[in-house]
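The sequence and the model are shown first, and the description follows.

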Amino acid sequence: MDRASLFIGDNQESTFSFDETLPALPLPELKDTLKRYYAGLVPFGTPEELAKTRRIIAEFESGIGAELQAKLKERAASMKNWLGSWWEDYAYHTLRLPLLPYQIMSMPCQLTHVGVPERPDYMLKSLARQIYHTLEFWNLVRNENIKPLSSNGGRVKYSSALYKQFYSTSRVPGEEQDHIEKHFLTKSEGRTPTHLTITGKGRQFIFNCVHEDDSILTAPEILVALQRLRSILDYEPDGDGVPALTHDNRTSWAKNRKHLMNLSEANKENLKLVESSCIDICFDEHQPQSTEESSQLCIYGDYHSRWGDRSSCIIAFKNGHYVFAGEHSCYDGTLSASFATFIQLSFLEVPEPDWNEVNGSNVVELQELKFDLDDTLRSEIKRVLHEIEERGIDVTVTFEVFDDYGKEFMKTQKLHPDSFVQVLMQWAYYQMHQEIAPTYETALMRHFYNGRTETLRSCTTAVYEFLLASSNKSTTDEQLVKAFRAAVSDHRYQMDEARRGHGIDRHLFGLWCVAYEKNMDIPALYDDPLYAKAGGGGNFVLSSSTLGFTPNVGFVAPMTLDGYGVFYAITSDAIYINSTAYRDSIKSSARKFNAIFIESFRRIRQLLEQQQNDSKL
């Protein structure tokens with residue numbers, strides 16, 4: 001595996017060459033979705049609840065549901081992706097909670113995997129290299145030279161559209177609803193912003209990332225700029241901390257942003273420069289001692305320096321640890337994993353720069369962005385910083401590496417790795433809480449036009465039967481293994497169905513959106529207690545996703561107060577796990593969950609191998 005074969009195209013095919021030819025997002029038939037929906041409710045409902053829900057579903061299907069489906073079909077006939085902007089608008093942008101720590105995606109960089117020291121004396125050099133390779137990636141996208149993604153020997157093609165929202169994009173607050181502003185352009189589309197922003201100690205700076213001939217800066221040139229900036233931060237007073245305002249609830253930030261712009265034209269220009277920069281770097285003065293600690297500090301670190309609205313940000317800790325962070329409505333975690341893999345392979349494959357070139361390097365012009373503030377905004381900055389401290393570490397983040405085995409063992413058992421992990425994750429929850437959990441897993445939909453994700457409700461009937469069998473004292477080891485294999489197989493089938501466009505939640509969400517936008521009464525289906533009990537309306541107790549088959553794993557906050565976020569990546573011989581839970585929950589514990597999760601991996605291997613040996617006798 002090398003970065004050229006994975007990422008760099010042959011100049012014959014544009015990064016976005018597949019995008020316009022991808023098939024339209026399928027719109028399922030209403031009766032099929034409702035049938036699958038009911039099947040997903042069965043593990044969660046009593047006979048009485050299920051009987052009531054069957055009546056609600058029948059009334060919905062023959063009544064308002066049919067009307068909403070007809071309108072959705074009209075929309076699908078005129079749009080290749082009938083979801084359009086609904087997912088961003090209503091799943092993300094109406095939420096009024098602060099982005100940090102509740103809505104941001106984060107991913108620890110883990111440079112030690114590629115031999116890069118995470119220590120203070122090398123920090124500026126490693127950051128210079130990281131910025132340089134980030135600019136390489138940016139330049140590949142700008143020139144449309146990132147290899148378009150495909151699988152199955154090129155038979156399945158994927159959308160690359162979200163690459164355009166990775167750079168130069170911000171989520172802009174609104175008093176009632178936010179929106180995304182995109183500034184990135186490929187060269188064929190026009191001129192794109194070429195400056196980056198670096199923030200630290202409450203101050204914001206920018207510098208241009210390209211030379212006059214449009215080539216990107218070298219790592220030594222970047223290092224010179226970083227050394228000058230570090231000297232400024234170390235020996236000059238802290239700034240006003242304007243970025244702190246971005247960590248307020250979205251309505252208050254929208255009002256303060258409007259006030260900030262009304263104060264002066266300079267403020268308007270500064271906001272545009274911050275929100276449109278190609279890359280955003282944050283100097284964080286903390287010094288985490290582990291990947292777990294850097295993950296935690298990513299969502300509770302230097303709030304007065306980090307601009308929370310940015311689509312992607314590199315958080316650079318003072319001792320050489322790094323975390324990538326992104327505003328989730330702009331793109332999905334698979335893109336973060338691709339970027340992280342590119343950075344790691346770049347450190348691995350591209351030789352260390354000749355740092356002696358620093359002495360003869362061009363001096364990059366640093367520009368500080370200074371906002372005009374009044375007493376109101378200064379007071380607001382103090383208020384937000386105080387509330388952040390009061391908020392404390394609302395979300396606990398953990399990082400574990402289980403290295404007894406990985407996907408190679410799972411494949412020897414003829415079990416799909418992701419399905420294997422999903423069933424064990426639910427088993428861990430069941431053992432810990434003596435109940436099943438409505439479970440969300442991300443299903444990738446980028447093989448459809450402008451596709452993003454679907455929800456797989458992975459607590460299936462087969463998984464439920466396995467969990468019940470595991471707690472039944474009369475269940476033999478052979479029966480338990482058989483139930484486990486059936487659960488894994490069923491999960492894989494359900495994932496394939498979801499990815500074919502036979503999911504449940506995006507269709508139900510689309511029907512809801514039609515009712516909402518047409519000012520119709522929200523149907524009783526969505527008020528049914530069993531709808532929420534099984535996870536509907538964002539009530540999934542386990543929210544999860546696989547980030548693929550590299551060590552790169554990230555995280556977001558759980559969906560519910562007593563829930564967990566469980567995110568993992570699977571390599572040949574290990575599983576990397578970022579788990580999150582809310583500190584104030586009196587029910588959940590991410591660390592206890594991880595311990596049971598890891599023990600479940602060990603126990604199932606023992607059972608599988610035991611049955612394998614018994615079958616040979």
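## Helix contacts and sheet architecture

In this predicted model, Ser-252, Asn-256, His-259, Leu-260 and Leu-263 of helix α9 are in contact with Thr-376, Leu-377, Glu-380 and Arg-383 of helix α13. By class, this contact between α9 and α13 comprises three nonpolar, four polar and two charged residues. The axes of α9 (residues 250-263) and α13 (residues 375-391) come within 11 Å and cross at roughly 150 degrees. Angles over 145 degrees count as roughly antiparallel, and α9 and α13 are therefore roughly antiparallel to each other. The crossing of these two helices, α9 and α13, is left-handed.

An open sheet is built from six strands, arranged in the order β12-β17-β16-β15-β13-β14, with mixed pairing. Because β12 (395-402) and β14 (453-457) each have a single partner strand, they stand at the edges, and one side of each is left without a neighbour in the sheet. From one strand to the next, the twist averages 20 degrees. Among the paired residues, Val-395 has Tyr-582 in β17 as its bridge partner.

| Helix | Strands it lies across | Angle |
|---|---|---|
| α11 (residues 291-299) | β12 and β17 | about 155 degrees to β12 |
| α17 (residues 477-499) | β13 (439-444) and β14 | about 55 degrees to β13 |

The model also contains charged pairs. Side chains of opposite charge can pair when their charged atoms come close. The structure holds 37 salt bridges. One of them joins Lys-73 to Glu-29, with the closest N and O atoms 3.4 Å apart. This pair links distant parts of the chain, 44 residues apart: Lys-73 belongs to helix α4 (residues 64-78), whereas Glu-29 is found in the loop between α1 (3-7) and α2 (30-41).

Two points of backbone geometry complete the description. The peptide bond from Leu-100 to Pro-101 is cis, and its omega is near 5 degrees. Pro-101 itself is part of helix α6 (residues 99-102). Ser-168, a residue other than glycine, has a positive phi, near 50 degrees. Ser-168 is located in the loop between β3 (156-157) and β4 (169-172).

Technical notes: Residues numbered from 1 in each chain as written. Predicted model: local features only at pLDDT ≥ 70, side-chain atom pairs only at ≥ 80, totals over all residues. Heavy atoms only, no water. Pairing = 2+ DSSP bridges. Helix = DSSP H or I, 4+ residues; strand = E, 2+ residues; numbered from the N terminus. Axes fitted to C-alpha atoms, helices over the stretch in contact; angles between N-to-C directions. Contact = heavy atoms within 4.5 Å. Parallel < 35°, antiparallel > 145°, perpendicular 65-115°, else oblique. Left-handed = near helix turned anticlockwise from the far one by under 90°. Nonpolar A, V, L, I, M, F, W, Y, C, P; charged D, E, K, R; others polar. Salt bridge = Lys/Arg side-chain N within 4 Å of Asp/Glu carboxyl O.
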